[in-house]
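Hi,

Here's the structure I said I'd pass on. Have a look at it, and then read on for my notes.

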Amino acid sequence: MEHKSKQPLTRLPIKVATKGFYEGFNKDVTITAKILLGLLIVWAVIFPENSMVILGSINGFLLNHFSTWYILSVAFFLILALVLAVIPRYGSLILGDKTDKPEFSNFSWFSMIFGAGIGVGMLTFATAEPMYHFANSPEVIQGMATGYAADNVRYAYKWAFLHWGFSAWICYSLVGLSMAYFSFRRKLPLTIRSGLAPLFGQRLSGKLGNMIDIIAVIATILGVAQTLGFGVEQFVSSMHRVGMGDWLLNANGQSSTAAIVVALVVIVGVATMSALSGVGKGIKWLSNINMGLSLILFAFFLIFGSTFFGLQSFFVGLFDYVTALPELLVTVWQPDGTPVGDTLATWQKDWSVFYWAWWIAFGPFVGVFFARISRGRSIRSYLFGTVVLPALMCFIWFSVVGGTAIDLTLNGIAGDAISGVGQEAQLLAMLDVMLSSGFAWTMAILVLVLLLTYLVTTLDSAILVINTINSGGNEGPKGRPHIIFWGVILALVVGVLLTSGGLGAIKTAMVIGALPFSFVMVLMGVSLVKAILYDTNTAKASNINWVDET
């Protein structure tokens, strides 16, 4: 740990421009990130087939050689969080000074936490993921259950909860905890490099720190692009469902190029305007709307959906998930030359490893945002609010909404109306089965609006976080050109990759971009342990603050 005779680093100068277009920004980080992302966009536009083939080859190599790394890294994050939360002297440490109080109410804080972390995924995957695992899960592959049969329901939820539960949220929470700890307690800049201060010290002021922040910006763009890609597909599907025209879909029933462009213009345009207003206005306001509309949609399914089936799935799935979690965290299936072994290994790469990469890529954006809004909270309350509560919300939502879809399919009421459409349309297809056309249209409008607000909240938060990292942790207002530029970059990355290779192209780029940051995250965890041990073991340290939670 940090030596007792050596004071913790409390000053980390980061060079920023003092005049010109990049005034207030670290030009090395900002310009390098722009060049790398610009090259990706130009490459995908000029050589779409070549770029997709090469990216696919790199992605295949990484999945074959780093699957174990992804799985064990996430296990490390979760074990670390558990230790920090349950040991009183660690969990009671305040993220800030002794007199700091939380800036936001618990409701607004949790609304922003939930909206930034997972909002869009709730609408797409609350139905799609349980339905997929209901059709095919590792237990089905191993002959322990039957696809689309009652004996596979509990397994469907075990795997859905694994992918959207504690493991997902800890990837965001750990980055946020590191940022908040070093920024609010040790007064370091609110940027990714600060999380490695106990390991690398003042060297982070130079090229090493710049490289870490560049990795974080690239991972953020590609992680958010994955979410935006899923969201755009569902947004187009929702627009088509409410009658905005057949031009939205191509001959194959997929989103047309024109539809993708229109959707991105609308989403990015609204998000950019919200980002210009800052966290305390646009993002807070939209997050509260998100939570309100989500509660309305949830209440609808709670009243008119398969409530008993869903609640039963929740409790059984939660029990199966929690009891199996220690084994699930460290299980790695490798190809062994048998049909079952090879299929299990492929399934894990396509699902679990993909999700761990996605959450890690999302980590810089969501983590820095979590830190920005969490000053004054204890480590224990922070972890509870950023890991446990949102995971439970996802479990309940997946159980009630996804449970309704499974029940309608299992009982033959829906036939293949839900399972026979793409994941982006399954929620709307379920509403069509449940309601008359008029009421289904009304609910589709609600879904469309809710989807838009979730996408906007995610995107405008991402823009603000990217600019915070690029400016060396400066949270102050940024010039309009910089906010607009990153909104345009996100739109171009999503639009170009979607039209070049579909969601698979975004997935491939995201997995590649997430790997470097996974190493940064592991080092952040080690660094955080060193800092907390120093603070708790040095009784006379001036920056030790405690919360009386007795």
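Below is what turned up, going helix by helix and then to a loop. Keep in mind that this is a predicted model.

**Helix α2**

S51 sits in α2 and is buried, because its relative accessible area is 0% and the cut-off for buried is under 20%. The side chain of S51 has a polar atom 2.9 Å from the backbone oxygen of P48.

V86 is part of a nonpolar surface patch, together with I79, L82, V83 and I87. Taken together, the five have about 420 Å² of accessible area.

**Helix α17**

Check the ends of this one in your viewer. Helix α17 takes in residues 480-537, and its end C-alpha atoms are only 46 Å apart. For a straight helix of 58 residues, at 1.5 Å a residue, you'd expect a span of 86 Å. So where is α17 kinked? The kink is centred on G501 and comes to about 125°.

**The loop between α12 and α13**

V332 is found in the loop that runs between α12 (307-330) and α13 (339-372). With a relative accessibility of 24%, V332 is classed as partly exposed, since that class lies between the 20% and 50% cut-offs. From the C-alpha atom of V332 to that of S352 is 10.0 Å, and the two residues are 20 apart along the chain.

Cheers

Note on methods
Residues are numbered from 1 along each chain as its sequence is written. This is a predicted model: local features need pLDDT of at least 70, side-chain atom pairs count only at pLDDT 80 or more; totals for chains, interfaces and linings use all residues. Side-chain values use heavy atoms; hydrogens and water are left out. Patches are made of residues with over 30% relative accessible area and no salt bridge: like charges are joined within 9 Å, nonpolar side chains (Val, Leu, Ile, Met, Phe, Trp, Tyr) within 5 Å. Accessible areas come from the Shrake-Rupley method with a 1.4 Å probe; for residues, only the protein chains shown count as cover. A salt bridge is a side-chain nitrogen of Lys or Arg within 4 Å of a carboxyl oxygen of Asp or Glu. Helices (H or I, at least four residues) and strands (E, at least two) are DSSP runs, numbered from the N terminus. The expected span of a helix is 1.5 Å times one less than its number of residues. The bend at a residue is the angle between axes fitted to the seven residues ending there and the seven starting there. Buried means under 20% relative accessible area, exposed over 50%, partly exposed in between (1.4 Å probe, protein chains only). A polar contact is a pair of N or O atoms within 3.5 Å; within protein, one must be able to donate a hydrogen and the other to accept it, and residues adjacent in sequence count only if both atoms are side-chain atoms.
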